[in-house]
Amino acid sequence: MIPTDPQDRDIFAAEYVLGTLDARAVAEVEAALPGDAGLRAAIREWEVRLAPLLALAAPESPPPDLWDRIEAALPGAPRLAPVPRRRRWLDPWRGWAIGASAVAAGLAALLVTRPVPEPPRLMTVLLTQRDQPAWVVEANAAGQLRLASLNPRRLEEGRAMQLWGLPPGATAPTSLGLIPPEGQLTVSTGGLRPEPGMLIEISLEPPGGSPTGRPTGPILFIGRLTEAGAS
Amino acid sequence: MRAESPAAALLVEVARGDRGALRALYQQQATRLFGIAQSILRDREAAADAVQDAFLRISQRAAQFDPARGEAGAWLGAVARHAALDLARKRGRELPTDDPALGDIAVAPEALEHVAASAEGRRLRDCLSALDEKNRKGILLAFVHGLSHAQVAARLDLPLGTVKAWIRRGLLQLRECLT
């Protein structure tokens with residue numbers, strides 16, 4: 001509950017800035033912000049008051065590929081030029097997809113085409129309701145998911161496709177974002193670590209995504225992450 | 001070089017949808033913002049996720065930056081901190097807080113000298129110095145390392161309720177001191 005007393009509200013804003021509020025309180029604050037100019041101003045003032053403390057964090061160089069990841073994750077990002085290694089493993093999928101019926105056979109083919117052993121790679125093929133392969137999903141070492149459509153098709157007007165992840169044991173899927181019309185994307189999964197057995201789903205949703213935080217439309221495609229590089 | 005443009009000017013261009021300006025902002029700020037995220041997450045992969053999320057937020061929210069109400073560096077730092085804090089909360093703050101050296105730098109007496117690079121920083125340093133030592137440490141550990149009330153309590157060996165009340169009192173005193 002966001003306090004109503006002005007003094008308590010201001011300290012609540014300070015605790016939001018400090019970072020000591022729990023996830024539920026933070027969600028409340030962020031839901032209230034668009035309609036609460038007073039709370040916005042209080043938070044901004046605290047951000048400014050405490051900003052000199054930012055100097056206490058020692059600067060550290062980020063991983064060299066971080067800008068490329070950011071650029072690929074921006075809305076409407078241009079397709080990344082595939083690096084040769086990636087092309088080598090994607091191409092068999094494309095060919096296989098045309099006459100596919102057995103996902104397991106495809107996974108085996110993938111292993112054969114991989115030239116050098118690398119850390120276990122998590123991947124899956126999302127299938128349609130009629131078990132037709134539709135998307136290749138791969139988790140990279142940074143914990144992101146990369147998606148590539150095997151047979152891009154136009155979505156009907158006024159609909160969106162939303163990506164979801166359901167880790168083993170979880171009771172509700174977590175949204176991983178909307179899928180752009182280009183049909184290829186990299187998503188950062190935030191706190192959700194891709195792991196073997198995690199279900200990946202794509203549902204049909206209204207524009208802007210599910211209003212409830214759960215899939216509301218039909219599940220169009222589904223697959224389960226599997227270790228593909230394990231030997 | 002655009003990377004040498006002031007961050008505030010770059011933010012104006014980012015708000016117009018200029019991706020080159022976002023890139024220049026990244027080149028200029030990434031090391032500082034990654035350090036801020038890494039202080040909270042203490043995991044380079046997670047910090048990279050947080051900085052990625054921060055730059056997506058910056059690209060979406062650049063228009064909300066108002067140079068009349070604070071510096072661009074402070075605004076960018078706040079976006080990065082909240083991205084890192086959100087990630088820490090999603091992970092249930094399962095972070096290595098048992099590192100005995102954690103936070104020593106942030107709460108060392110000389111650390112506050114880093115804060116005093118600007119006039120605002122000197123005032124904040126003076127006001128922080130006036131707080132009880134445990135109040136000050138609690139606030140610094142929460143801000144710099146993203147520690148929760150419970151983690152601050154464990155670290156300072158104080159009851160949880162005491163820590164909550166002390167941090168609130170410390171914040172109140174800071175606000176009065178800075179006014």
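**Figure 1. The contact between chain A and chain B in a predicted model.** The contact draws 36 residues from chain A and 53 residues from chain B, where two residues are in contact if their C-beta atoms, placed from the backbone, lie within 7 Å. On the side of chain A that touches chain B, helix H1 (6-18), helix H2 (23-32), helix H3 (37-50) and helix H4 (66-73) each supply at least two residues. Helices (H or I, at least four residues) and strands (E, at least two) are DSSP runs, numbered from the N terminus. By class, this side of chain A holds 24 nonpolar, 7 polar and 5 charged residues; Ala, Val, Leu, Ile, Met, Phe, Trp, Tyr, Cys and Pro count as nonpolar, Asp, Glu, Lys and Arg as charged, and the others, Gly among them, as polar. This is a predicted model, in which local features need pLDDT of at least 70 and side-chain atom pairs count only at pLDDT 80 or more, while totals for chains, interfaces and linings use all residues. Residues are numbered from 1 along each chain as its sequence is written, and chains are lettered from A and ligands numbered from 1 in the order in which they are written.

Figure 2. Strand E1 (residues 122-127) pairs with E2(A) in the antiparallel sense over 6 bridges; two strands pair if DSSP finds at least two bridges between them. Leu126(A) has Trp135(A) in E2(A) as its bridge partner. The hairpin of E1(A) and E2(A) has 5 residues between the strands, and Asp131(A) in the turn has a positive phi of about 65 degrees. E2(A) is also joined to strand E3 (residues 144-149) of chain A, by 5 bridges and antiparallel. Here Ala139(A) has Leu145(A) in E3(A) as its bridge partner. This hairpin has 4 residues between its strands, and Gly143(A) in the turn has a positive phi of about 85 degrees. In strand E2 (residues 133-139), 7 of the 7 residues are buried, so the strand is largely enclosed by the rest of the structure. A residue is buried if 20 or more other C-beta atoms lie within 10 Å of its own, exposed if 12 or fewer, and partly exposed in between.

**Figure 3. Val51(B) and the nonpolar cores.** A nonpolar core is a set of buried Ala, Val, Leu, Ile, Met, Phe, Trp, Tyr and Cys residues joined through C-beta atoms within 7 Å. The largest one has 75 residues, of which Ala37(B), Ala50(B), Val51(B), Ala80(B) and Ala84(B) touch the most other members. Not counting residues up to four places away in sequence, Val51(B) touches Pro62(A) and Leu66(A) as well as Ala30(B), Leu33(B), Phe34(B), Ala37(B) and Ala80(B).

**Figure 4. Helices H8 and H10 of chain B.** Chain B has 10 helices and 0 strands. The axes of H8 (residues 133-145) and H10 (residues 160-178) come within 9 Å and cross at roughly 90 degrees; axes are lines fitted to C-alpha atoms, for helices over the stretch in contact, and angles run from 0 to 180 degrees between N-to-C directions. H8(B) and H10(B) are therefore roughly perpendicular to each other, a term for angles of 65 to 115 degrees, with under 35 roughly parallel, over 145 roughly antiparallel and the rest oblique. Among the contact residues are Ile139(B) of H8(B) and Trp166(B) of H10(B).

**Figure 5. Two loop residues of chain B.** Arg42(B), in the loop between helix H2 (19-41) and helix H3 (44-61), has a positive phi of about 50 degrees although it is not a glycine. Arg42(B) is partly exposed, with 17 other C-beta atoms within 10 Å. Asp157(B), in the loop between helix H9 (149-156) and H10, has a positive phi near 60 degrees. Asp157(B) is exposed, with 7 other C-beta atoms within 10 Å.
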